Amino acid sequence: MPIPERFLDELLARTDLVDLVSESVHLTKKGSSYWGCCPFHSEKTPSFHVVPDRQIYKCFGCGKGGGAFNYVMELENLSFQDAVAVLAKRAGMQVPAGSGSSPGGRERREKLLELNRQAARCFHRWLYGPEGAEGLDYLYRRGLSRGTLTRFGLGFAPDRWEGLIAALGEQGYDKRDLLDAGLAVNNKDGRIYDRFRNRVMFPIINVRGEVIGFGGRVMDDSTPKYLNSPETAVYNKSRNLFALNLAKKSQAGRIILTEGYMDTIALHQAGFDSAVASLGTALTGDHAQLLSRYAKRAVIAYDGDGAGVAAAQRAIPLLEKAGLEVQVLQMQGAKDPDEFIKAYGRDAFAALLDKSENHVDYRLGKIAQKYSLQDDAQKVEFLREAAELVAALQSPVEREIYAGHAAQLAGVSPEAVAQEVKQRLRRKVYKQRRQEERRSLVPAAQLQPQARELHYENFRSARAEEGILRLAVQDPQLLGEMDGLKPEEFSSPLLGKVFALLQRREAQGLSVSLPALAGELEGREMDHLTLVLSKPESAANSAQALGDYIAVIRGERLRPKAQPEDEQLLRMREKYRKKKAYMEDKP
């Protein structure tokens with residue numbers, strides 16, 4: 001049974017989009033709307049626009065758009081029904097029983113979350129029982145206190161094939177439930193058994209405080225050293241970070257990135273409550289974007305071995321692209337933060353944090369290590385690679401400073417490096433300008449929907465159809481003054497579909513707004529419709545504008561179906577442009 005539309009209308013009325021978005025994005029008011037850096041893609045210049053009076057958002061960078069439901073769906077990778085449940089809980093409302101239920105839907109998600117919570121309780125209880133003695137001793141030997149074990153909910157999986165299956169079976173969960181949650185596995189013979197056995201257990205908790213998965217560590221040198229939950233309906237390792245549920249509350253103003261659970265826990269125990277770790281995978285763009293919601297600065301505190309250095313090099317551009325100020329911690333006399341704190345103490349690590357190196361100097365240093373700077377040929381290669389790095393910096397001041405640092409490393413004049421950087425920057429700017437010029441040659445193509453399957457067949461009619469929708473949303477009463485206009489008269493199937501939905505909602509006394517259509521439209525459709533409704537439309541002479549739009553739509557229907565001359569010219573021009581660009585780019 002679908003969720004009642006009147007319930008959805010009331011939920012939207014109780015959800016202020018600015019308040020909702022402000023929970024994860026820093027918004028700045030400009031005029032009657034708000035701007036911020038988009039949470040869905042990496043950017044430094046705000047292109048994410050929230051319009052309070054229409055309760056819609058639009059990113060002019062990545063194209064994402066919609067209302068409150070779409071925002072939660074996109075931000076947390078949820079279905080429409082699950083997004084409704086999240087917003088209803090936030091608003092103190094109860095979703096009507098039986099509404100929107102489907103296999104793998106809201107009820108299934110809630111069941112898996114509760115199953116994980118009960119599993120975490122079992123593991124924690126076993127840690128302090130006879131079977132967990134070895135695990136408890138291991139954690140104490142690693143220097144963790146009883147309070148830390150409790151704070152992180154650490155536990156132990158006994159060395160039994162069906163220990164968790166039996167314990168949760170007593171609570172009514174069957175083996176299939178544990179398979180769905182990633183807590184059990186089955187072999188080729190069909191036997192189902194516990195995934196985690198004889199391991200210290202680390203619950204993975206999301207920013208809402210829900211247990212979504214687990215990591216298990218052996219207590220000796222056997223392999224695999226760490227075993228993590230597989231991806232499930234509630235767990236995505238690329239969208240979550242270990243201990244972010246705690247680090248998000250930190251007042252430190254920076255996030256400390258570590259390579260593993262133990263480093264993160266050791267830092268929290270020492271008072272560095274902003275430490276997090278990625279979950280059995282390298283840092284991703286999604287991770288970086290997630291971190292940018294909670295801090296403006298990231299300190300990479302990876303291991304000092306070759307793998308840690310390589311991981312830091314990969315993480316730096318991702319974090320910088322997400323708008324974070326990036327620094328890198330280089331430890332001497334210890335391989336990781338846990339070992340450093342044990343050897344030198346909390347204060348020494350705090351001092352190291354304060355002296356953490358700017359990522360540009362760090363990368364210049366690593367480039368320098370690749371070459372023998374006493375050899376002139378290798379010195380030239382170093383300066384070429386260093387100039388490429390410096391030329392990519394956005395600020396002229398940064399470019400001047402770090403060009404000087406590169407010159408100092410190589411023992412050459414700052415002017416020589418500045419000239420090399422200038423040449424590379426000039427090439428970069430020229431390339432960008434050419435790309436912009438090529439795009440500007442086809443203005444009509446820029447006004448088409450981004451998704452190719454939504455492209456307009458009759459551009460002139462579609463523009464008028466867009467105007468009809470803008471007027472209808474501004475003044476729903478106009479839907480009764482359409483001179484008999486029908487959805488099938490629209491040239492764009494998408495715009496005709498939305499027109500029909502708005503007509504039906506108006507007739508039933510429901511909200512006539514774009515956010516209310518989230519359950520009826522696909523993501524790409526909502527993205528485009530948000531752009532359409534973000535454009536200005538004067539309501540001063542709405543009756544005249546309405547008549548003009550309808551006249552255009554009906555006039556275009558009477559025209560021959562042949563391709564309009566202007567579109568033919570545009571296509572010919574684009575074909576010539578591509579050929580010319582190809583010839584210019586040839587070596």
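Author: We can start at a helix end. This is a predicted model. In it, Ser 395 caps the N-terminal end of helix 18. A side-chain oxygen of Ser 395 lies from the backbone nitrogen of Val 397 at a distance of 3.2 Å.

Reader: How far apart are the end C-alpha atoms of helix 18, and what span should its residues give?

Author: Helix 18 runs over residues 396–410 and has 15 residues. At 1.5 Å a residue, these should span 21 Å. The end C-alpha atoms agree with that, being apart by 21 Å.

Reader: Which residues of helix 18 are buried, and what arc do they cover?

Author: Buried here means under 20% relative accessible area. In helix 18 that holds for Arg 399, Tyr 402, Ala 403, Ala 406, Ala 407 and Ala 410. They sit on the same side of helix 18, because around the axis they cover an arc of only 155°.

Reader: Which exposed residues does the face turned away from the buried side of helix 18 carry?

Author: Exposed means over 50% relative accessible area. On the face of helix 18 turned away from its buried side, the exposed residues are Val 397, Glu 400 and Gln 408.

Reader: Which residue follows helix 18, and what is its phi?

Author: The residue that follows helix 18 is Gly 411. Its phi is positive, near 75°.

Reader: Now helix 21. How many of its residues are buried?

Author: Asn 458 caps its N-terminal end, with a side-chain oxygen 3.3 Å from the backbone nitrogen of Arg 460. Among the buried residues of helix 21 are Phe 459, Glu 465, Glu 466 and Arg 470. Helix 21 is mostly covered, and of its 16 residues the buried ones number twelve.

Reader: How many disulfides does a search of the whole structure find?

Author: A disulfide needs two cysteine sulfur atoms within 2.5 Å. The search of the whole structure gives a count of zero. For Cys 38, the nearest cysteine sulfur belongs to Cys 59, and it is 3.6 Å away, so Cys 38 is in no disulfide.

Reader: Is Cys 38 buried or exposed?

Author: The cut-off for buried is under 20%. Cys 38 has a relative accessibility of 1%, so it counts as buried.

Reader: Where does Met 331 lie, and which residues is it in contact with?

Author: Met 331 is in the loop between strand 15 (325–328) and helix 14 (337–344). Its relative accessibility is 12%, so Met 331 counts as buried. Ala 301 is 30 residues from Met 331 in sequence, yet their C-alpha atoms are 8.4 Å apart. Leaving aside neighbours within four places in sequence, the contacts of Met 331 are Ala 301, Tyr 302, Asp 336, Pro 337, Phe 340, Phe 349 and Leu 352.

Reader: What does His 359 touch?

Author: His 359 is in helix 16 (residues 359–368). It is buried, with a relative accessible area of 5%. Not counting residues up to four places away in sequence, His 359 touches Ile 316, Glu 320, Val 326, Gln 327 and Val 328.

Reader: Last, the whole chain. What share of its residues count as buried?

Author: The chain has 25 helices and 16 strands. Its C-alpha trace spans about 80 × 75 × 50 Å along the principal axes. Of its 587 residues, the share that count as buried is 49%.

Notes:
Residues are numbered from 1 along each chain as its sequence is written. This is a predicted model: local features need pLDDT of at least 70, side-chain atom pairs count only at pLDDT 80 or more; totals for chains, interfaces and linings use all residues. Side-chain values use heavy atoms; hydrogens and water are left out. Buried means under 20% relative accessible area, exposed over 50%, partly exposed in between (1.4 Å probe, protein chains only). Helices (H or I, at least four residues) and strands (E, at least two) are DSSP runs, numbered from the N terminus. The expected span of a helix is 1.5 Å times one less than its number of residues. The arc is that of the directions from the helix axis to the C-beta atoms. A polar contact is a pair of N or O atoms within 3.5 Å; within protein, one must be able to donate a hydrogen and the other to accept it, and residues adjacent in sequence count only if both atoms are side-chain atoms. Contact means heavy atoms within 4.5 Å.
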